[in-house]
Amino acid sequence: MATLIIDRFDGKKSYEQTYTLQAADAAGKTLLNTLLFIKQTQDPTLNFTASCRCAICGACGVRVNGHAVLACDTKMDDLFRTYGADTLHIAPLANFRVISDLVVDWEPAVDNLRKIHPGMVAKAQFSAKEGCRQTQAECDRVKKQWDCIICGCCASECNKLTADRSDYMEPFVFTHAWRVANDSRSKDPLLHGKPAVAGGLWNCVHCQECANRCPKSISSADDIAGLRAMVMAKGMTDGVGPAHAKSFYTDLVEDSGRLNEVRLALRTEGVGTIARAGMAVTLLRQGKMNPLEAFGGETIEGHDALVKMIAAAHAAAKE
């Protein structure tokens with residue numbers, strides 16, 4: 001026997017409902033086919049979304065035992081093997097408002113996607129007759145981001161959205177901002193970079209859950225890093241985020257090669273660091289911080305090689 005415990009919501013009340021299947025009814029099926037089987041044979045009131053059944057449209061994202069998956073691209077046999085049990089808990093994507101059962105509200109996310117202007121605004125040098133030509137290398141720069149199907153799995157797993165979504169957009173929004181900003185045909189990368197900054201670009205907590213759960217193996221965390229470097233290169237260097245990044249660079253390249261946490265805080269927040277005085281005292285008492293580090297420390301072994309590697313990376317990025 002196979003058991004699916006599915007989260008239900010009727011608009012007012014949330015509850016769990018258990019569905020029991022013969023093993024043969026789940027064997028060899030995808031999760032989406034199993035949900036359709038339940039709807040067709042046991043409970044026509046069960047609500048979920050799906051369309052292409054080919055891992056292209058992204059409509060069937062759900063959570064299984066707390067992890068986001070594409071239902072049409074996930075086999076029941078694999079799930080039972082992964083979790084080592086014949087019972088699975090199916091829930092709607094996290095960090096979205098639930099409308100009904102496994103159906104969530106996409107409007108706020110789509111509004112955020114509109115903010116970063118995901119459509120191409122081409123450079124004036126391209127004509128309507130000849131189009132916008134690219135080399136293969138230029139195409140490869142954004143090829144991976146074009147694979148994003150906006151399924152919401154990254155947003156469901158995002159720890160920043162779980163903690164506080166008031167100042168942060170969904171990870172896939174930043175992926176699409178980077179896709180068009182990094183395109184060689186784009187007229188103005190900041191058309192997409194500026195709203196990305198306003199939407200919390202510097203608030204990513206680097207948990208890497210977006211990369212871990214994306215069914216297309218896209219790393220929104222990497223795309224966020226690319227956007228950050230781009231907006232800074234374009235002159236958007238004000239704020240705590242850019243100051244934090246520059247402080248890291250200074251410690252690694254211009255100073256000893258060690259992360260100097262005392263100076264990092266001072267360079268990042270300036271006098272605002274005073275607000276964290278209580279934390280600093282606690283760290284001092286526990287031996288976690290040495291105030292003398294503010295004056296610098298011993299240079300790490302191989303620092304010259306590190307500087308050369310970073311310089312080479314900069315040169316490669318400009319090619």
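Is Cys60 buried or exposed? Cys60 counts as buried, because its relative accessibility is 4%; buried means under 20% relative accessible area, exposed over 50%, partly exposed in between, with a 1.4 Å probe and protein chains only.

Ground rules. This is a predicted model, where local features need pLDDT of at least 70, side-chain atom pairs count only at pLDDT 80 or more, and totals for chains, interfaces and linings use all residues. Residues are numbered from 1 along each chain as its sequence is written, and side-chain values use heavy atoms, leaving out hydrogens and water.

Back to the cysteines. The whole structure has 0 disulfides, a disulfide being a pair of cysteine sulfur atoms within 2.5 Å. For Cys60, the closest cysteine sulfur is in Cys72, at 3.6 Å, so too far for a bond. Cys154 is buried too, at 8% relative accessibility. Its closest cysteine sulfur, in Cys148, sits 6.4 Å away, again too far for a bond.

Next, Ala27. It lies in the loop between helix H1 (23–26) and helix H2 (31–41); helices are DSSP runs of H or I, at least four residues, numbered from the N terminus. Ala27 is partly exposed, at 44% relative accessibility. Met76 is 49 residues from Ala27 in sequence, yet 6.6 Å away, C-alpha to C-alpha.

Last, the helix pair. Which residues of H4 meet H8? Ala109, Asn112 and Leu113 in H4 meet Phe172, Val173 and His176 in H8, with contact meaning heavy atoms within 4.5 Å.

Conventions
Helices (H or I, at least four residues) and strands (E, at least two) are DSSP runs, numbered from the N terminus.
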